Amino acid sequence: MTDENQFNSSLLGQSHKLQSILQSAVDGIITIDDHGTITTVNPAAARLFGYDQEDFLGRNVHFLMPEPYHAEHDGYLLNYRSTGRRKILGIGREVSGRRRDGTVFPMHLAVSEFDMDGHTFFTGIIRDLSAAKATEQALRQAQKMEALGQLTGGIAHDFNNLLTVIIGNLEMLQGKLTTPLQQELTTEALDAADLGARLTTRLLAFARRSHLEPESINLNSFVIGLTDMLHRTLGETIYLSSSLTPNLWSVRVDPSQVESAIVNLTVNARDAMPAGGRLVIETSNATVDAEMVRDLDGLNPGDYVRLTVSDTGTGMSQAVRERAFEPFFTTKEMGRGTGLGLSMIYGFAKQSGGLATIDSSPDNGTVVTIYLPRHRLEPALIVDADIAATALAGAGQTILAVEDDERVRKLTVTRLSQLGYTVLSAGSGAEAIEILAAGKPADLLFSDVVMPGGMTGFELRTKVRALYPNMSVLLTSGYAEELSREDAGRDERVKILRKPYRLADLAAAVDDALKS
């Protein structure tokens, strides 16, 4: 073989090698001449921009660019040819690309220059940044939600302290009133304070700052209780109706999670009906047998309560429906959704022993169904609150009450004294330790969780238990639910009374703590 033939063979081998690299590269690769005309494109670039490979060749590369890059690109090339000044060559930076369907996406572009046969060419290596940007945005949304949760929790803590004082003083005042009108006014004020407490609990649930507290509940009551708020949320263009099964079975779930699920689903339905429509909330009893299990993702056979929210909105494609329960997946525009609502609902249903399903198709609306296991229980005996508090009155035991808020501390001392207890009070954990160290015995430590001064209620509990192992402990909090549950998990004996609370709640919690 002559030297020329060997040279040609080598060139052919290099060409095949280069072609193989272009074909197998994951990133898009495009080569242009010094006038911007595309000479080479690999399959990855074709897939990225949504064109066939032959659609690229011979066209100016600026057709892949949105404005202002589309109009300015030829000027960049001319400026480089005349001055040699680089703006992206050999540097690489983040820019935007335009797909065939007109959508714009973020990409990283690295450009190199080479000469061949006396002509200058440029090769651009393109990496799609859409997934990375989506992850960054999801992280920012999560951080924003965390910051919102911190702010919400702090406000709720202070607000719950105020409600504790309001409810406590109203209860004590109610016992001294004599006329029916005075009693009626006080009752209305107490009901309003209880509503404020429920609103605070709901706010904490949305901010995910409350721990799970399963209770036996009837879903019909929750749908009815949320109806007024949902009407205000949905607006006048959405017709809301409900179909509630009489004699609905009970379920054992966290009430705040149920409220969050209902509100999340109705808000999603509203967003899917921008021009208005119909939304229906239904409850029903359902017995799942072995045959039905195959269509319900392996749900265990048994009795369930179904909560269904259906709308007449735009519906979902199969691709969207398959990803709807994924965390951070959303079809809403930037800033209007975190992609966490449906994933939280799915997680809540699974954690509760049930399942969430979606039935939807484009232009045919959406039906979301939550299956929750039936909870069998004996009917609860309803006892008058005043009678309950009187029945649980103390017998002179000593309680050390620790509370940094002076108004709440004063009220707590008064209420515990009214229940028949001897009360010592402290404004901080350090002061409580000093009182005990001075030889003043106590049967029960009743402490707030969140207090200034560097010692939380849990830390105080730990120190007191080390010094006085037989002393009972009862904690109270209007905020630190997540912290409390994390710490409490180490000792099942920890008792936590959530603020604000009625006198009967306080009496029951103290009596239970002393007995345990």
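Guide: Take Thr186, which lies in helix α5 (residues 180-206); helices are DSSP runs of H or I, at least four residues, numbered from the N terminus. This is a predicted model, where local features need pLDDT of at least 70, side-chain atom pairs count only at pLDDT 80 or more, and totals for chains, interfaces and linings use all residues. Residues are numbered from 1 along each chain as its sequence is written, and side-chain values use heavy atoms, leaving out hydrogens and water.

Visitor: Is Thr186 buried or exposed?

Guide: Buried means under 20% relative accessible area, exposed over 50%, and partly exposed in between (1.4 Å probe, protein chains only). Thr186 counts as buried because its relative accessibility is 5%. Leaving aside neighbours within four places in sequence, Thr186 is in contact (heavy atoms within 4.5 Å) with Leu170, Gln174 and Leu177.

Visitor: How do α6 and α7 pack?

Guide: Two packed helices are described by the angle between their axes and the distance between the axes. Axes are lines fitted to C-alpha atoms, for helices over the stretch in contact, with angles from 0 to 180 degrees between N-to-C directions. Helix α6 (residues 219-234) and helix α7 (residues 255-271) pack at an angle of about 40 degrees, their axes 10 Å apart. That makes α6 oblique to α7, since angles under 35 degrees count as roughly parallel, over 145 as roughly antiparallel, 65 to 115 as roughly perpendicular and the rest as oblique.

Visitor: Which residues in α6 and α7 meet?

Guide: Among them are Leu219, Phe222 and Leu230 in α6, and Val258, Ile262 and Arg270 in α7.

Definitions and conventions: Helix = DSSP H or I, 4+ residues; strand = E, 2+ residues; numbered from the N terminus.
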